[in-house]
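Open the model in your viewer and keep the selection panel at hand.

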Amino acid sequence: MDQEKQNNAQHFLDLIQKSRRGKFKIYIGMSAGVGKTYRMLQETQTLLKKGIDVKIGYIETHNRKETHELVNGLPVIPRRSIFYKGKNLEEMDVQAIINLRPEVVIVDELAHTNIEGSKNEKRWQDVLEILDAGINVISAVNIQHIESLNEDVKRITGIDVKERIPDNVLRLADEVVNIDLTSEELINRLKEGKIYTEDKIQRALNNFFKADQILQLRELALKEVASQVFRKVENEVPKNPNARHEKLLACISSNDKTAKIVIRKTARLASYYNSVWFVLYVETPKESNTKIPLDKQRHLINNFKLATQLGAEVIKKKESKITEAILELVEQKQITTVCIGKPHLNLFKVILSTTIFNKLLNKLSSSKVDLIILS
């Protein structure tokens, strides 16, 4: 009974804290130069005209003339100066923002990594702190900085984006707005010198700003915002009691590359369906702590951390029979969809030559659980 009282009290406390928390709006775009910062500054001017106390916490104009002109006359909170490696560098002053307590603060470059010695490693962590202080935040990020899209972005652009934000930061947003342009409009803006200086234009056209790449990144951005709207509908519109509520299970091994793909792709599916999801690692006797190489152990721990950042509950089981461990968890957690990596062998051969997949497929199909093989 005491435990029940504690749970009820905690639930009420969570509701109070949620109501005190600042509102969070994110402008998202397919790439640099679509106009996210420009739109935030326009919104700042509109809010000021309506008597809202709004201040610039951090803005990055990238010396773009039209963006720079919008900053003039807007109330800016001075940046904090940090001496690092012989240079004076500037960062957003989180404490000053919290002390001043504006109604709304504008924070650009959400995926930015702070200078060493800052209180938080990442700017998105600064933003969460500001929101917890009850201050509303408007921010911006490019689609390539979203953690679960890392593999997709690498495939499209050939670039491994290092600065990334966890998907759950995006899920915390009360509103996500896509700033959309066609690839032709974006390339024209680049050629007109509205994104980069003249010496960088040709290099940008040869690398990131190719029409086919922009089109694919645009699709990712549109899908992301669509899934945000889907989640909003799921959370706020009365549910159909007959609808199936998805629960996803990602099964990973110690194979680092495959595990990352399975985790990120399952995270995307969970995000789309606004569903609970789990990551299962089955430690077989040949992969016990004494037998698995140290580098594999390290990769495995990093993948558990990645899964947790993306919103999964990680479950580790010691079991010699992998299929049994999966099926047991499917039943225990009432999983609707199991996600696994593509086997190294031809799938048809695997099904014919091993009982593992055969048993898994038969059991899952008889219990109406979907199996997704991620390549």
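What pLDDT does the protein chain average, and what share of the residues score at least 70? This is a predicted model, and the chain averages 87, with 89% of the residues at 70 or above.

Colour by confidence. The mean is highest in strand β5, at 98, and lowest in helix α14 (residues 347-353), at 49.

Now show the whole chain as a cartoon. Its secondary structure comes to 15 helices and twelve strands. Of the 375 residues, 46% count as buried. Switch to a surface: the chain exposes about 20800 Å², and carbon and sulfur atoms supply 51% of that area. Contacts can be viewed by sequence separation too: among those between residues at least 6 apart in sequence, 73% join residues at least 24 apart.

Next, select the open sheet of five strands. Its order is β2-β5-β6-β1-β7, and the pairing is parallel. Strands β2 (54-58) and β7 (175-179) are the edges, each pairing on one side only. From one strand to the next, the twist averages 20 degrees.

Zoom in on β1 (residues 24-29) and β6 (residues 136-142). These two strands pair in the parallel sense over six bridges. Pick Ile28: its bridge partner in β6 is Val141.

Technical notes:
Residues numbered from 1 in each chain as written. Predicted model: local features only at pLDDT ≥ 70, side-chain atom pairs only at ≥ 80, totals over all residues. Heavy atoms only, no water. Pairing = 2+ DSSP bridges. Helix = DSSP H or I, 4+ residues; strand = E, 2+ residues; numbered from the N terminus. Axes fitted to C-alpha atoms, helices over the stretch in contact; angles between N-to-C directions. pLDDT = per-residue confidence, 0-100. Buried < 20%, exposed > 50% of the residue type's maximum accessible area, 1.4 Å probe, protein only. Contact = heavy atoms within 4.5 Å. Areas by Shrake-Rupley, 256 points an atom, 1.4 Å probe, with all protein chains shown as cover.
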